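Me: I have a model open and would like to go through it piece by piece. Could you start with the sheet and then take my questions as they come?

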Amino acid sequence: MNYEETCDYLFNKTANFESQGQQGYKPGLETMEKLDEHFGHPHQKFKSIHIAGTNGKGSVSHMLAAQLQVCGYKVGLYTSPHIMDYAERIRVNGHPIAHDYVVNFVEQEKNFIEQLEPTFFEITTALAFKYFAENDVDIAVIETGLGGRLDSTNIITPLLSIITTVAYDHTDLLGGTLEQIAVEKGGIIKKNVPVIIGDDKKETRTVFEALANDVSAPITFVMDESDIVSHQPLPEGGIEYTTKHQTHFVCELSGDYQVRNVDTTLHAILALMKMGYLCDCTIESNIPLINQEMNDAFMNVCKITGLQGRWQVISTQPKVVCDTGHNPEAWTYLSKQLEAQDCQQLHIVFGMVDDKDIYTVMSMLPQKATYYFTKASTKRAMSEQSIMLFGQQFGLQGSAYPTVEEAYKAAREAAADSDFIFIGGSSYVVADFLKTCN
């Protein structure tokens, strides 16, 4: 098999939540533990940081990986889903896993895989851990796939656990209340391992406190001790931050929702410094004073780690931005940011997959916009006609297009230089856009 055939095998011949939804989800660690044993427990050969959360875990993962890299560590980074290429999920010092490695792995292990019948995500997690071990990474930043307690990644015992936010998403699998979802996310909390909580909801706090207390895990709530005094979006992109000790730095990640992610990252940096990791940096009153290496890491997150799709500015005339936000919590920030744009006309290329809370998201979308309803190239995508009908119920006016490429082309042709074009609603919409339109 070549690389394309190998990816097709992984996506279509195994149980795959991303393409099949609930049908492709098999909770539990038993199969993952068998895979891990088969490969000689590779996750025990490197240190790790474990990150769960409904939103923000990808951004925090990449920011932490960037910080570790500029300080000279060899860093593994495991995230999902990918945007352009399967290999993006598994990186060492920002470089995606080699295509040949993926092909050889599947060819050598195909018989074992077909006997054991692991899911797509279990295979990918095993591949990542094996790759990190063989590449002698110092630290791997590991993002959960879904939930935490029963997630394939949860066989690790990390240096540090981080839970970014808890919101209603995948409720059919994780539970219908914030407390139930928090139990699943909080399943990554380990005995005596410090945990940082970026979520600030009353419903989840007691859950996390109880889970941490049960295993004597030191717990820090970011919002109790926020390091950030002020933040200011910059015209050229990015956000300038001021901390409690008047330390200034710029993070290139735009989007109002990134403020909490940066605050969570600062708390993680502090925790790692106290353990003896990261750059030699002064700590004053439990706040890290940002040095040049840390500032460089924040300034160049995308270049260092390959992050895409977080309020990513594609062009300026007209301004074109894409973002992977796909649930109500993400749109709490995105809708306000879109409405605040200083532009002549707002154009929104929009699509969603069928297991998301489309009613709530659509109720939050700006009405003063022209919509280009579309369908991403995944089996889980809602049809463009269905999306348009939902939109009309909320006063959203526009037309339907069968592909993201056609939707964006129509938006681009209609937009003046002073207009604003946004592409989003789903990671898959952003992926299709970046593959075909950028």
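Reply: Six strands, in the order β14-β15-β19-β16-β17-β18, make up an open sheet with mixed pairing; strands here are DSSP E runs of at least two residues and helices are H or I runs of at least four, numbered from the N terminus, and two strands pair if DSSP finds at least two bridges between them. Since this is a predicted model, local features need pLDDT of at least 70 and side-chain atom pairs count only at pLDDT 80 or more, while totals for chains, interfaces and linings use all residues. Residues are numbered from 1 along each chain as its sequence is written, and side-chain values use heavy atoms, with hydrogens and water left out.

Me: Which strands stand at the edges of that sheet?
Reply: β14 and β18 (397-401) do, and each has a single partner strand, so one side of each is left without a neighbour in the sheet. On average, neighbouring strands of this sheet are turned by 15° against each other, direction ignored, where axes are lines fitted to C-alpha atoms, for helices over the stretch in contact, and angles run from 0 to 180 degrees between N-to-C directions.

Me: Which helix packs on the sheet?
Reply: Helix α16 (residues 404-414) does, touching β15 (319-323), β16, β17, β18 and β19 (420-424), and its direction makes about 165° with that of β17; contact means heavy atoms within 4.5 Å.

Me: And how do β17 and β18 pair?
Reply: Strand β17 (residues 370-374) pairs with β18 in the parallel sense over five bridges, and T374 stands opposite Y401 of β18.

Me: Is F350 buried or exposed?
Reply: F350, which sits in strand β16 (residues 346-350), is buried, with a relative accessible area of 0%; buried means under 20% relative accessible area, exposed over 50% and partly exposed in between, with a 1.4 Å probe and protein chains only. Leaving aside residues up to four places away in sequence, F350 touches several residues, including W331, L365, Y372 and I387. F373 is also among its contacts, and F350 and F373 are 23 residues apart in sequence but 5.1 Å apart in space, C-alpha to C-alpha.

Me: Switching topic, which strands pair with β6?
Reply: Strand β1 (residues 47-52) runs parallel to β6 and is joined to it by four bridges, with H50 opposite S161. β6 also pairs with strand β7 (residues 195-197) in the parallel sense, over three bridges, and there I163 stands opposite I197.

Me: Where do the β6 side chains point?
Reply: L160 and I162 point one way and S161 and I163 the other, and all are buried. In a regular strand the side chains alternate between the two faces of the sheet.

Me: What about the hairpin of β9 and β10?
Reply: Strand β9 (residues 228-233) and strand β10 (residues 239-243) run antiparallel and are joined by five bridges, and I228 has T243 as its bridge partner. The hairpin has five residues between the strands, and G237 takes a positive phi near 110°.

Me: Last one, which residues lie nearest the centre of the second largest pocket?
Reply: P233, L234, P235, W311 and K319 do, out of 18 lining residues. A pocket is an open set of points on a 1 Å grid over the protein atoms alone, where a 1.4 Å probe fits, with protein on both sides within 12 Å along at least five of seven lines, and lining residues have an atom within 4 Å of a point. β14 (312-316) and α13 (328-339) each supply at least two residues of this lining.
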